[in-house]
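Hi,

Here is the structure I promised to pass on. Have a look at it first, and my notes follow below.

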Amino acid sequence: MSTEEMSAKDRRNALSSALGRTDELMDSFMDVLKQDFSAKQHEKRDFSDTAAMLIPDDEPVQEQTEPEVLFKEPEDDRLHMSYKALCADASTCKRCGLCTTRKSVVFGTGCQDRPVVMVIGEGPGENEDIQGLPFVGKAGQYLDRWLAAISLSRETNVYITNTVKCRPPQNRDPYPEEKSACNAFLKRQIQLVNPQAILCLGKPASTLMTGQPDATMGALRGRFFFYDGIPMMCTYHPAAVLRDLNLKRPVWEDLKKLARYLGLQMGGS
Ligand code: URA
């Protein structure tokens, strides 16, 4: 983890522990120096013993060797596929249990060539599973209104997909192993589509894309992250806002922030 990614609390803890170690070193260093300076005040000073004490030469220098790699995971083939090949691979995918209950594989829709925003949702619901397209149900229609409010649309400048491409039964959250089996699709989609920005909707997408599995939506929303150098904003899922209208205001704040960053025109909410 880089220092930029550490929280203030983690940085304070690291600094406090480094200062503690420095303090101990300074103490022993001062003890040795004090003895030398008082004993040899009027003599020509010879610090060779002190130097030898502080830097003993009996520790052989350890050669840094690479840890032995016993088993290297082969790189996933999907990470080298064209968009068309990736789609075809997904259409017959059996990498997790969701393939046994799905009606369709819901791969993605919209502008595939450098869209202004790539939206990443959780996973297909019932309507999406039937139609084979993401965000076509109630939540999807609401999402279209959010996008329109900041001059975006799936017909022109937005690409929409999900963390998993098959519907989890009863719309439950996708399991970690399902997200991880599907992750190479999402990774390669991002590389190929090359969006100007990413918008994650809801906790499964936000925690996956930020690499913070235990974070809450409250902690992740409204901030810019960078995914492979692409600016990324997280906000609540439209289905969650339809259930709790108090979330409407924070979503609008997040969308405005994203729109301002991208230089988009804002209408109303
Ligand atoms: N909710 C999602 O997260 N994705 C969809 O495609 C539809 C509903």
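**What I found around the ligand**

An oxygen atom of the ligand lies 2.9 Å from a polar backbone atom of Phe135, a polar contact (a pair of N or O atoms within 3.5 Å). Gly123 uses its backbone, where a polar atom is 3.1 Å from a ligand nitrogen. On its own the ligand has 230 Å² of accessible area, and the protein covers 92% of that (Shrake-Rupley method, 1.4 Å probe).

Before you go on: this is a predicted model, with local features needing pLDDT of at least 70 and side-chain atom pairs pLDDT 80 or more, while totals for chains, interfaces and linings use all residues. Numbering runs from 1 along each chain as its sequence is written, and side-chain values use heavy atoms, without hydrogens or water.

The residues surrounding the ligand (a heavy atom within 4 Å) include Glu122, Glu128, Pro134 and His237. By type, that shell has two nonpolar, four polar and two charged residues, with Gly counted as polar.

And where does the ligand sit? It is in the largest pocket, meaning more than half of its atoms lie within 2 Å of the pocket's grid points. A pocket here is an open set of points on a 1 Å grid over the protein atoms alone, where a 1.4 Å probe fits, with protein on both sides within 12 Å along at least five of seven lines; lining residues have an atom within 4 Å of a point. Its lining has 30 residues, with Glu122 and His237 among those nearest the centre.

Cheers

Note on methods
Polar contact = N/O pair within 3.5 Å; in protein donor to acceptor, adjacent residues only side chain to side chain.
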